[in-house]
Amino acid sequence: MEDLEIEKGSKLRFAFGNVLSLFILLLIGVLAFSIRLFSVIKYESVIHEFDPYFNYRVTQFLTKNGIYDFWNWFDDRTWYPLGRVIGGTVYPGLTLTAGTLWWILNSLNIPLSVETVCVFTAPIFSAFAAWATYLLTKEVKGTGAGLTAAVLLAMVPSYISRSVAGSYDNEAVAIFALIFTFYLYLKTLNTGSLFYATLNALSYFYMVCSWGGYTFIINLIPMHALLCIVTGRYSSRLYIAYAPLIVLGTLLASLVPVVGFNAVMTSEHFASFLVFIIIHVVALVYYIKGILTPKMFKVAVTLVVSVGMIVCFAMVAVLVALVASSPTKGWSGRSLSLLDPTYASKYIPIIASVSEHQPPTWPSYFMDINVLAFLVPAGIIACFLPLSDASSFVVLYIVTSVYFSGVMVRLMLVLAPAACILSGIALSEAFDVFTRSIKCQLPDLLSDPQPAAGDTASENSAVQNDIVKVDKHSTAQKSDEGLKERPSKKNRKKEKEHVEKVSVKARKEKRLLVLPLETSVIAILLLVLLGAFYVVHCVWAAAEAYSAPSIVLTSHSHDGLHVFDDFREAYAWLSHNTEVDDKVASWWDYGYQTTAMANRTVIVDNNTWNNTHIATVGTAMSSPEKAAWDIFDSLDVKYVLVVFGGLVGYPSDDINKFLWMVRIGGGVFPHIKEPDYLRDGQYRIDSQATPTMLNCLMYKLSYYRFVETDGKGFDRVRRTEIGKKHFKLTHFEEVFTTHHWMVRIYKLKSPKNRIRGKTKKSKLKTSTAAKLKKVDQGKKNPWH
Amino acid sequence: MSISLKLSLLFFFFIILISSLNLLQVNSESDSDRVAELLHLQSQSKSGVIHLDDRSLNRFITSARARSYSLVIFFDAFQLHDKQELHLKELRFEFDLVSSAFLSNNKDTPSQSKLFFCEIEFKESQQSFHLFGVNALPHIRHVGPQVDQLKDSEPMDQGDFARLADSMAEFVESKTKLTVGPIDRPPVVSKKQLGFLILAFLASAPFLVKRILVGDTLVHDPKVWLSLSVFVYFFSVSGAMHNIIRKMPMFMSDRNDPTKLVFFYQGSGMQLGAEGFAVGFLYTIVGLLLAFVTHILVHARSKKLQRVIMVFAIIVSFWSVKKVVYLDNWKTGYSIHGFWPSSWN
């Protein structure tokens, strides 16, 4: 009778716990979603930056034309006159996900625009990622650690930086896919179920579709399998977790056009095949060990080992030969620079020059994972006590990712989930110990203030404490062990009754695992304080540091908030006032935005696959007007767009990027020489600037009529008066300048008539026309 | 290495002395004589790099109006060999490689006498440095057959030094229209060593496999893995990779007051070595203390011990976190603030 009641009680407790954790998870999802909405609240629902605009445009195409057209899409709006194959050169995961979301919503009669769906894809997937983190950590250390890790991941700044609303980029869905793939791997490892192994391969497929970072998975999982084998943890569960993933996963990965045969041809994947061979050899050894007597086995070992070694060596030799036959030893530059950190700075300046490929300093860690940096070591140690297959995987994950993040600041994104998982484990274990200490000692303190009562009190709480421990155990190691422990839980009351009869010896073994009460209270308070600091930091980072869409800018000054919406103004002007087939030239940074927002053909864009083409534009920008006109005319360019920040003080404008244009242009066309643009090695645009600088197209287009704004021509970014103030354009005419002068659009003049008298006349006309630019804004576009 | 270098240098001096004795009447020398002389000098040196000084340079270039050969000259300075950032020694070695590659690939062909690899040293040939107008090292120049004024000869681009021998060979090929051919680098381990290593591995493999199967190696000890992973963590969060890649010093002297040392650099894009390790230590110590308290201290028997250690851990952790927050705010200049309801103000 009593037993039944207790069983009922514990069942109720379990049910209550499950409902509670479900509710907490729901709240975590809401938190993950809503903390990323600062960009929408502070600005508006708009796609951010550069690359997301490309993804947005691809998604639009997908929703309009369907999947088959998307697969075969040849885009003639960029890289004019070359064009670009889109279907085979993008990771389609993000686009397909958002497209499917949009399609589902529309078929449910929820008419959202494609843009809205794209803007909110990243926050939605952050919530999924938090839930996936919960599942993963639960596999390692139980529900409590899982919930803690999930709440930490929901607001880790490093992940927020790539997944705020509007940041519609591959990483937004890829991090979810990464965590979920790891979860399924651990789940398979813990259960040995082929069902989860299949799911794991599918999840891996989704990851391959989404992000080039999938190579991290296909190297980490083999590493873990190898580690398990080497440390003598091989089991049939490991085999089921590993072998199907490699076979199915590789087959599926090669279905993605952008990966294709790379899945079997490049060195990034070879580790997995090598371990695949090894695991089979080991499996064979274990199988033979099982069917033979120990004596026979010893004889067989020598045989099998030698045969296995020969097979292994043959395969290794083939692999080495394959690898050695390719010039970079089959590794891509980026992977190589991870293995040998000094590689990039020595050999590939293009990779080394990108800011997100720089090695981080210590403040980057504090900015991106904040107080988690303090907690991770505790998590690592907790994973070693005791070491299980799952916890060893988590340790391997944190060690590799923290090393990689040390090489490239961009990979901090991969570190963040690992840091959350381990900090979650550390926090949960710490809370466990401290709350237990308080729970077991507080009642005694209240009921019996006598210090002499300590002994009996500790006896009572020892039993309680043990029960708590049993609880923990059973949740941590779910499967069969949990079932074994059940009877002990049933007998809890009985034990309590018989507590006096329990032998002294047993009591000594079940000593009280608690810490002093008052220090525990302080420790808990400090941990809560640490968590609060983390929340404040994350909210601040989400609101202030990572939410700027960089397409709309704001600035606070003493007379209030200023909004600079010049980019969209310019793109809208282009789309309304130019012919559909007009070509627009600008520096590559603005290529994606121009094609997506203005729907006009561009010469170069952010997918920098053709260096010569970029160098051509760079050369045109660095040349004098006539030469530039010739280059642009040969490319059928009709409009030239420059970004100019001198009036409002916007520092990342074209004049500041200009040296890169010169360098890249000079790399292909040697008549452009960087020293010609520098006065004594200094880049300047004031009266000391070199004549080449003052006569190049970029200077002229940026500063044309600039002196009319304040009479002096003071550039607020460079903090100096410009060198050449009054000049006229001969081959270009200004057609549009935005409100804050941030974007200026020029039209190429048609070639001059050769009759002398007429030339003079037309010159006069254009100069008056330029002054009256607002009156005459070009022909209307008949298509709009 | 340095001894053999010195010896060979002495040898060069000797040759040059002898050759310069009969240099006094060399002006009337014919082109073929000079080529023969150069070939002779070339054969004296192991890699085929000819050491020149002011006089021999004058003889082979300045006073020789019509030359049939071109020279590629490496500008060296012994006094700068200890400056790591110039990589002079390394580049000199690469120059040797290019030279010997050219020699081995063009042996007994007419192009062998078309191109010679030379070096001059700053201390003994200051005049030549001046004539070439070289005032920064590393520097490599190509003196073509038609060049009259030494300053007209073509220097190799500074950016090309990064790719070492390959770009030197490219430079030579583009200027002389001769082929250098594939460059043979001496392998890191020689073939014999490699064979020995493979043999040793094969011999020890059965023993290793046996030990692995039994489960009795260093890798089976979790403590090793634990300390390794904590170390990697410490190493990475301290930004040590940044220090290695950027070759940052551990500390530097203050610009305003050279006697003072600066350990902490203000500005988030850069850090000094000692600074990184200090903060990395603070990052790690808090976690280690927390783990110690939650996993080891609970097993301690004495309440007093527990209490003392916990108070110590709490104080150290609190101080570490506070210090890191303070340093971070100081270094980056960010001011992190909460978003409280406006009615609270």
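View 1. The expected span of a helix is 1.5 Å times one less than its number of residues; helices (H or I, at least four residues) and strands (E, at least two) are DSSP runs, numbered from the N terminus. α9(A) is mostly covered, with 19 of its 22 residues buried, where buried means under 20% relative accessible area (1.4 Å probe, protein chains only).

The model is predicted: local features need pLDDT of at least 70, side-chain atom pairs count only at pLDDT 80 or more, and totals for chains, interfaces and linings use all residues. Residues are numbered from 1 along each chain as its sequence is written, chains are lettered from A and ligands numbered from 1 in the order in which they are written, and side-chain values use heavy atoms, without hydrogens and water.

**View 2. Helix α28 of chain A.** The 12 residues of α28 (566-577) should span 16 Å at 1.5 Å a residue, in agreement with end C-alpha atoms 16 Å apart. Among the buried residues of α28(A) are Phe567(A), Tyr571(A), Trp573(A) and Leu574(A).

**View 3. Domains of chain B.** Chain B is divided into domain 1 (31-176), domain 2 (189-215) and domain 3 (221-332), with bounds from an automatic or database domain assignment. The centres of domains 1 and 3 of chain B, taken over C-alpha atoms, are 51 Å apart.

Note on methods
Buried means under 20% relative accessible area, exposed over 50%, partly exposed in between (1.4 Å probe, protein chains only).
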